[in-house]
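The following paragraphs lead the reader through the structure step by step, from the fold of one chain to the contacts between individual side chains. Please keep the sequence and the structure in view while reading.

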Amino acid sequence: MKMRGMFHSRELLKEWLIEKLIWICGISAIFFVFGIFFFVFREGADYLLRGFHIREFFTSIEWYPTSRTQVRYGALALITGTFSVTLLAMFIAVPFGLGTAIFISEFCSPRAREALKIIIELLAAIPSVVWGFIGLTVMNSLIIHLFNAPLGLNVLNGGIILALMSVPIIVSIGEDALKAVPESYREAATALGCTRWQMTFRVLLPAARNGLLAAVLLGVGRAAGETMAVLMATGHSIRIPGGVLEPVRTLTATIAAELGEAPVHSDHYQVLFIIGILLFSITFIVNLTADLVVRGIRKK
Amino acid sequence: MFIRTHLTRRKKRHELYVKYVLLLMTLLIILPLILIVFYLIYQAAPILSLDFLLKNPIRGMRDGGIWAPLLGTIYLVLISLLIATPIGVFAAVYLNEYARESWFTRVINLAVVNLAGVPSIVHALFGLGAFVLFAGIGRSILAASMTLAIMTLPVLIASTKEALAAVPLAFRQACWNVGATRWQTIREVVLPNSISGILTGIILQVSRAAGETAPIMFTGAVFYKAIQEGDLLAYGLLDQCMALSMHLFTISTQVPDVPAALPYGTAVVLLGVVLLVNALAIVLRIKIRSRKKW
């Protein structure tokens, strides 16, 4: 009897330990998100609190981090770079992504649906550095030939690449949103004599509005945070672009391109971490909004 | 009897137009990509051989193969897998088996979603700040793998959660009713019944980790490092290493006068590895779905 009791308490202790371990792993995601913010902030904090010109950062286009005489950290051109490439990408990806989502969810046969979903999933798996390489080689020469542009690494190239990269996420989240519309809505629309398109346009799209918005937001987050593809495909020129055929440099590409050369803990190094804080904040807000929007539907 | 009126015909025609426009949009996304992939393979064809995989890059990376980066990628993927799998699976177990509907669970889920949305370059900054500098590990395979592990954690958590949720509640109830505790039920019933789903998640994590470049750039991957050809244990845990993704970036942008076939070959190998691994996950998932007994 006594032996059994000991065995039992040993089992209980083991179980208690494992459950604690599971709990720690469960909440680890919170730690990691805070950890990311904390450590990125920590590396940039010294300069942020000491000599950082926040006005210059947001309003000046003069980015001379390694200049010997007049060091300037104006990130306006970089912010515009990220903004322009993301905007163009969304201009392409939103109609195509939502169109594909509608086609997959409402207009094609179950077999074709499965096949298309697998292709879209494989598309999402292509590594960003391969996308960048495609931009550097295939897209580059295509753009030079088609538009008679002096160089093919520009906003257009980066925008198209980013569009193709964010289409899969828009398609899969958008399709989920359309699928979540109750079947009774479709039946009611069909009973009223709607064609499939009328049903999609008048019933499904309004009903799935929030989910589709979340899909677009997540696409924006993906495009704005992408690094390697834009580093390779947008050219390297720190200025405000006058058109889609001009090269730019984004926030993400700047960190990737300059962190290797900036001496650890120098001002330049710390400013790159401040850009990291900015990027983290942007994507945090975008993701939070997308999540709140999606929750909105579930509550209903 | 229904008779087609003018209106019905117009509606039908209209619907057909819409269908074709949407189909065209879908094809416009997919077809160019398939063409591009074939173009990459066509350009890489002359160089693809077993030798290309098993020889080190030579003459300033302008010749030779991709042995050192290939092995480096394998190291990074395996070690990040070792770190991420237990944390990810346990986190999913917590979220699916223990957590109740509450604001706290919502915060955890929100954190997972946000972790997935953090830009890869910010993960790189975090890895540099936390592992390389703060923890003092230095630029190494270990630091890079840890960064990759945290980055790929959300993939693993999401797919494991899905696999666990697919196990019917009745299975658990049956187990509880014979007196098993929560953990015993998870160990004996829930995990064995969802193992193939969890495996799918692990495979997806591999594909994601293999393709990433930015997070390893400043935490452990280097432009060039020669290692013993054919020696599978050539890297140490605290060594820096080459990686396929980083190698593709290097030879296509940083090194002048590289013969064109070399970066194409590297791109095709990287793409091939990632797509094959993904295809494996998809096949596994279809198998599970068709074999499901409940």
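Along its sequence, chain B of this predicted model runs through the pattern α-α-β-β-α-α-α-α-α-α-α-α-α. In total, 11 helices and 2 strands are found in chain B. The radius of gyration of chain B is 24 Å, whereas the globule rule gives 19 Å for 294 residues; the value for the chain is well over that figure, and chain B is therefore more spread out than a compact globule. The C-alpha trace of chain B spans about 80 × 65 × 35 Å along its principal axes.

Of the 294 residues in chain B, 52% are buried. Among the contacts in chain B with a separation of 6 or more, 76% are between residues 24 or more positions apart.

B:Ile203 belongs to helix H8, which covers residues 182-211 of chain B. Its relative accessibility is 12%, and B:Ile203 therefore counts as buried, the limit being under 20%. When neighbours within four places in sequence are left aside, B:Ile203 is in contact with B:Val277, B:Leu280, B:Ala281 and B:Leu284.

The next topic is the nonpolar interior. In soluble globular proteins, nonpolar side chains tend to be buried together. Which residues touch the most other members of the largest nonpolar core? In this core of 183 residues, they are A:Val130, A:Trp131, A:Ile134, A:Ile275, B:Leu40, B:Ile121 and B:Tyr235. Helix H3 (residues 67-98) of chain B contributes the largest share of the core, with 18 residues. B:Leu40 has contacts in both chains: beyond its neighbours within four places in sequence, B:Leu40 is in contact with A:Val130, A:Phe133 and A:Ile134, and also with B:Tyr264, B:Val268 and B:Leu271. Another core lies apart from the largest one; it has 6 residues, including A:Ala214, A:Leu217, A:Val286 and A:Ala290.

Aromatic rings form a further group of interactions. A pair of aromatic rings is described by the distance of the centres and the angle of the planes. Over all chains, the count is 17 aromatic pairs. In one of them, the ring centres of A:Phe37 and A:Phe280 are 5.6 Å apart and the planes stand at 40°, so this pair is tilted. A:Phe37 lies in helix H1 (residues 2-50) of chain A and A:Phe280 in helix H12 (residues 267-299) of chain A; the pair thus links distant parts of the chain, 243 residues apart. A:Phe37 is partly exposed at a relative accessible area of 34%, whereas A:Phe280 is buried at 7%.

The rings of A:Phe57 and A:Phe58 have their centres 5.1 Å apart and their planes at 90°; since an angle over 60 degrees counts as edge-to-face, this pair is edge-to-face. A:Phe57 is buried, with a relative accessible area of 1%, while A:Phe58 is partly exposed at 37%. One aromatic cluster includes residues of both chains, namely A:Phe38, A:Phe39, B:Phe126, B:Phe131 and B:Phe134.

Charged side chains complete the picture. Side chains of opposite charge can pair when their charged atoms come close. There are 13 salt bridges over all chains. A:Asp267 and A:Arg50 form one of these salt bridges, with their closest N and O atoms 3.2 Å apart. Because A:Asp267 lies in helix H12 and A:Arg50 in helix H1 of chain A, the pair ties together parts that are 217 residues apart in sequence. A:Asp267 is partly exposed, at a relative accessible area of 31%, and A:Arg50 is exposed, at 52%.

In chain B, the side chains of B:Arg172 and B:Glu97 meet in a salt bridge, at 2.8 Å from N to O. This pair joins helix H7 (residues 169-177), which holds B:Arg172, to helix H3, which holds B:Glu97, across 75 residues. Both B:Arg172 and B:Glu97 are buried. Finally, shared partners join the salt bridges of A:Asp46, A:Arg50 and A:Asp267 into one network.

Methods. Residues are numbered from 1 along each chain as its sequence is written. Chains are lettered from A and ligands numbered from 1 in the order in which they are written. This is a predicted model: local features need pLDDT of at least 70, side-chain atom pairs count only at pLDDT 80 or more; totals for chains, interfaces and linings use all residues. Side-chain values use heavy atoms; hydrogens and water are left out. Rings of Phe, Tyr and Trp (its six-membered ring) pair if their centres lie within 6.5 Å; planes under 30 degrees apart count as stacked, over 60 as edge-to-face and the rest as tilted. Helices (H or I, at least four residues) and strands (E, at least two) are DSSP runs, numbered from the N terminus. Buried means under 20% relative accessible area, exposed over 50%, partly exposed in between (1.4 Å probe, protein chains only). A nonpolar core is a set of buried Ala, Val, Leu, Ile, Met, Phe, Trp, Tyr and Cys residues joined through side-chain atoms within 4.5 Å. Contact means heavy atoms within 4.5 Å. The radius of gyration is taken over C-alpha atoms; the globule rule is 2.2 Å times the number of residues to the power 0.38. A salt bridge is a side-chain nitrogen of Lys or Arg within 4 Å of a carboxyl oxygen of Asp or Glu.
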